[in-house]
Amino acid sequence: MNSETTLETVTASTVKPMPTTKGMRHATAGTVVRVAVMVLIGIMLMYPLAGLLLAPTRTESSMMHGGLAIGTWANVQYAWRQIMGFDSGIFVVWMKNTVVMVVGGAILAIILSVPSGYAMARLQFRGRSWLIFATLLFMVMPNTVLVIPLFLEVATVHMLDSFWPIIVIYGFYPFGVYLAFIHFKTALPMELVEAGRMDGLSEIGIFFRVAVPLARQAVALVGFFGFVAGWTNFFLPYVLLPQTQSSPVAVGLLQMISSSQLVNPELGLNVQLYMPELALAAIVAMIPVMVIFIAAQRYLQRGAMMGAVKG
Amino acid sequence: MAASVIAGSPRVPKRKRALTHSAPAVVLVGPFLLVLVVAGALPAVYALVESLISSTTGGFAGLSNYLTVITNFRFLPSFGDVGLLLLVWLPIMVVGVVGLALLVDASRGRFGKTMLFVYYIPAALAGITNFMLWLLILDPNVSPIAFFWKALGQTSIDGLLSSPINVIWILAAMLFYEGSGSWLLIVLGGLHSISDEVIEAAEIDGCNQWRLAWRIKLPMIAPWIGYLVLMNFAYGFQIFLEPQLLAAAAQGILSPQWSPNQLSYTYAYSVGNTGAAAALSVILLIITLGLGVLIVTKTGLLERS
């Protein structure tokens, strides 16, 4: 309070014009430097990416001197034929596998996260604070730490190479619970819940009739982040799905890279896999994430503050 | 909370409420709790049990699995490697992310928004695509920055990765490239929480942009920076994907047991010593759990909830 009044007095007094002009002169010199630095960093980050995106349009030999250049569409088509020729088109199998396990995992994550996030935010029950603590703890621990223990568990029940353990593990998404928790805590008016209670709805009834219809934002965010987390996960499927036929595209691509002439020239493949081909495969592997990213833009912007808790 | 204050007698209704909610809570929370146990708690407990069992005899092994792991010739070096990486990468990450956040925060309007989008793009290509990008960058023959490698006298990716200190720098660059975008958003969230009055007051007091960033904004986002440091420490410590991929790209050059997690993977897969794999997992789990508790209780994450 006190500082605010001082602030207003100062603003109202004659001191104001002077620092502003002084500030502006400083700002113009400072602004030029700031803008220049920011643009330079932007170029440094984008330059190699441009190299990756342009690589499929070029040929291996034309890339031999480095730098950037745009090639031809015919080269892209050639590169795509090489990818499809690898191990009788297993690339498509990998993409399908990824869709099945990641979409399954994201749907399960929504089904599990939304009700539990609601209960933690809006209901009083014993062990609530412990559950919140455990959820946050699992949320901040890097998921790589549990991969080997999960492998031991899944191997014991003889379910390696099955998609089900993967889907269940992707469905266990504490960050999703946290997102739903924050959503119901901040975006669901308590009056609506009270009105539901007045109308004689049960707590479960309130969840389904009042909370779920207003949970679109939370569902979209959990679905988006769950999808991206699953699609880009490498370590877990790498360990739980040892067979090439059941690999998701992230793991499959590593295999493609390792057996390519680029890394392993002695192997003698039926197709030519060099930088342009492998770059194209890596770009195609990310297209679903980009599509989902654009589709979820609307929800992401609104939930930027919520989503900003974890990448 | 407000309702109970108004009601005047918070105790009795609260206890009643707790009783009435426990049945619906079980229904709503139950499925998640089940999965938390199956995919979170159980594997951890199972690893602990396995770590005390001998892989060869199947009997109680005491701490012998732990001894096996600790005396492995890669155990200490793998922690040393990761420690060195953290020493190089964490300062770059913190200074880089906080610096970018302050720059973006100082740029209001369309320019700031555009640059934020540009800085975020690398984070959107996580995992294998990012790795493919680095394979391109690191190959001195075809790299977009071939001129840079030439200036350093590098001619092949194998040569580049055969120097341990190069590996550290390269991993640090990879981690910064893929991680900075998401963390930029988080730190910006912290900067946006500073009230406009504070900024205006400082500007009126004659603070220029530089002093404003250094003296006002930086101290006020200290909790976010703490979160950034601890979370990335935990992540870097657990690193698996990046060194594993580099080892695959430069076969025979880089040790496939570069990080502790890779060593754990080798025990589980190549060696088939589940006891030792479990023991190493337990060691990593305990350290990570400690860090996790620190993050949840000390960075204000719990209060914000």
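A: The helix examined here is α12(B), whose buried residues are B:Trp224, B:Tyr227, B:Leu228, B:Met231, B:Asn232, B:Ala234, B:Gly236 and B:Phe237. A residue is called buried if 20 or more other C-beta atoms lie within 10 Å of its own, exposed if 12 or fewer, and partly exposed in between, with C-beta atoms placed from the backbone. Helices (H or I, at least four residues) and strands (E, at least two) are DSSP runs, numbered from the N terminus.

This is a predicted model: local features need pLDDT of at least 70, side-chain atom pairs count only at pLDDT 80 or more, and totals for chains, interfaces and linings use all residues. Residues are numbered from 1 along each chain as its sequence is written, while chains are lettered from A and ligands numbered from 1 in the order in which they are written.

Helix α12 of chain B covers residues 222-237; its 16 residues should span 22 Å at 1.5 Å a residue, and its end C-alpha atoms are 22 Å apart, which agrees. The expected span is 1.5 Å times one less than the number of residues. An α-helix has 3.6 residues a turn, so residues three or four places apart point the same way.

The buried residues of α12(B) pack against α4 (75-106), α9 (164-192) and α15 (274-298) of chain B, and also against α5 (128-140) of chain A. Contact here means that the C-beta atoms of two residues, placed from the backbone, lie within 7 Å.

The contact between the chains takes 90 residues from chain B and 92 residues from chain A. On the side of chain B that touches chain A, helix α2 (residues 11-50) of chain B gives the largest share, 22 residues. That side of chain B divides into 64 nonpolar, 22 polar and four charged residues. Ala, Val, Leu, Ile, Met, Phe, Trp, Tyr, Cys and Pro count as nonpolar, Asp, Glu, Lys and Arg as charged, and the others, Gly among them, as polar.

Chain B as a whole has 16 helices and zero strands. Of its 305 residues, 42% count as buried. Among contacts in chain B between residues at least 6 apart in sequence, 66% join residues at least 24 apart. The radius of gyration of chain B is 25 Å, whereas a compact globule of 305 residues would have one near 19 Å. That radius is taken over C-alpha atoms, and the globule rule is 2.2 Å times the number of residues to the power 0.38. Along the principal axes, the C-alpha atoms of chain B fill a box of roughly 70 × 60 × 30 Å.

Chain B is divided into domain 1 (13-64) and domain 2 (75-256), with bounds from an automatic or database domain assignment. The C-alpha centres of these two domains of chain B lie 36 Å apart.

Chain A, which supplies α5 to the surroundings of α12(B), likewise comes to 16 helices and zero strands. Buried residues make up 43% of the 311 residues in chain A. The domain assignment of chain A gives domain 1 (2-57) and domain 2 (84-307). Four residues of domain 1 of chain A are in contact with five residues of domain 2 of chain A.
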